[in-house]
Amino acid sequence: MKIRGINAKSILDSRGEKTIEILIKTDVGSFSGSAPNGKSTGKYEAKSYKKSLEEDIHMLEKLEDYFYEESFEEFSDLKKIEEIVEGQVGANSLFALESACLKAIASEQKKEVWQLINSNAKKMPRLVGNCIGGGKHSNSGKKPDFQEFLLIPENNSVLESYNLNRDGKTEAEILLKNADEKFTKKRNDENAWITSLDDKTVLEVLKEIKDNICDERKAYLDEGIDLASSGFYKRKNYLYLNPMLKRDSEEQFSYLSNLIKNFNLFYIEDPFNEEDFESFAKLLKKFPDKLIVGDDITVTNVKRLKEAIKNKSINGIIIKPNQCGSLIEVKKVCELAKENKIKIIFSHRSGETRDTILADLAFGFGADFFKCGISGDIREEKIKRLIEIEDKLDYKSSKKT
């Protein structure tokens, strides 16, 4: 595949904020890629743009001629893109460009994008759905301090898991209406319900959702939380606003330990601030059968993951491709995680685009979980792409038999 032209422009993400979309022209057609934006970001993430979105667009125009000389035939050829743009553009621009390039290669070879990563991929990831929200993702006054309250179906079928999570979210609407007099059916950046309830009360609601769904549907749901705790960590304390109090690291550890036991939480993401490898490790040692997940502490970065491995801090890692921009780096992070038996969770961002490549990347790289909300057109499109992959695999399997 040869690139014959590159056109970059600014588009709006699901929050109405600017992000980048890149269109490449090739011998077999035109292909686009776009990058999401995060609101709750780790300080070790790569910069989205070198200086600004506009300057990245201008730089890609200047570099355009360099791509004409190269040929792209397989995933590893993305290195050629990275060599050309190294240090010239930010992570969002690089990710959007590499996404468009993968789509073009796949189209030319009449393959799915995920087949360029691993043509033998078979495992479908479990869905992780953000049901009720708080933290930075919810633009409201009184709200939970934790950022996400999650439903995680244990089901072999992505479609059935998707339907379970949708039923769970409908159930949440009914329960929140009864429990929260200020509930107005509003949704936050990730299309999760906005509530004024505190963390513990929301967890009680989440447990009731789980019990009701499990009884009615004869299914099983795990519960989880994403604290995004770096967002409310200041001056060596976790500063809670609902109710207002502060906890040091030891108090945070005790508080979380009680929540994990009392609510049988399975998934705990970013329980401590992004520097505190030690507290992560302490929690994992106490709850080795739970999923202690790093996001802000690891930011899809090999060096940060190695530090987490050295400290035995996590057994789950969030993969957000635009945290580093490089899909070559994403591959290295996934391989290192697998070598160390760390579960992989591919995740959306709070400011999303309609690009569905995240599903292909998750499946191709053998993700254990796929975190992409529950509802809302832009997020559902990614889940539906995963369902499409599942359906095609099932069809091929049935044809063989």
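Where is K185 found, relative to the helices and strands?

Tutor: K185 is found in the loop between α5 (158–179) and β6 (193–194). Helices here are DSSP runs of H or I with at least four residues, strands are runs of E with at least two, and both are numbered from the N terminus. The model is predicted, so local features are given only at pLDDT of at least 70 and side-chain atom pairs only at pLDDT 80 or more, while totals for chains, interfaces and linings use all residues. Residues are numbered from 1 along each chain as its sequence is written, and side-chain values use heavy atoms, with hydrogens and water left out.

The backbone comes first. Most residues other than glycine have a negative phi, and most peptide bonds are trans. K185 is not a glycine, yet its phi is positive, near 65 degrees. Its relative accessible area is 44%, so K185 is partly exposed; buried means under 20%, exposed over 50%, and partly exposed in between, with a 1.4 Å probe and protein chains only. D270 also has a positive phi, about 45 degrees, without being a glycine. This residue lies in the loop between β11 (267–269) and α8 (277–286). D270 counts as buried, at 3% relative accessibility.

The peptide bond from N242 to P243 is cis, with omega near 0 degrees. P243 sits in the loop between β9 (237–241) and β10 (244–247). Strand β9 also holds L239, which is partly exposed at 26% relative accessibility. Apart from neighbours within four places in sequence, L239 is in contact (heavy atoms within 4.5 Å) with D145, F232, K234, L245 and K246. L239 and E64, by contrast, are 48 Å apart from C-alpha to C-alpha, and 175 residues apart in sequence.

Now the rings. Rings of Phe, Tyr and Trp (its six-membered ring) pair if their centres lie within 6.5 Å; planes under 30 degrees apart count as stacked, over 60 as edge-to-face, and the rest as tilted. The count by this rule is 14 aromatic pairs. One of them, F266 with F369, is tilted, at 6.3 Å centre to centre and 45 degrees between the planes. This pair links distant parts of the chain, 103 residues apart: F266 is in the loop between α7 (249–263) and β11, and F369 is in strand β15 (residues 369–371). F266 is buried at 17% relative accessible area, and F369 is buried at 5%.

F346 and F365 form a stacked pair, because their ring centres are 6.0 Å apart and their planes are at 10 degrees. F346 lies in strand β14 (residues 343–347) and F365 in the loop between α11 (357–364) and β15, so the pair ties together parts 19 residues apart in sequence. F346 is buried, with a relative accessible area of 0%, and F365 is buried, with 5%.

Ring pairs also link F146, F149, F232, Y233, Y238, Y240, Y255, F272 and F280 into a cluster. Y240 has a charge over its face: R247, at 4.6 Å from the ring centre. The rule for this is NZ of Lys or CZ of Arg within 6 Å of the ring centre and within 35 degrees of the ring normal. K80 lies over the face of F72 at 5.9 Å from the ring centre.
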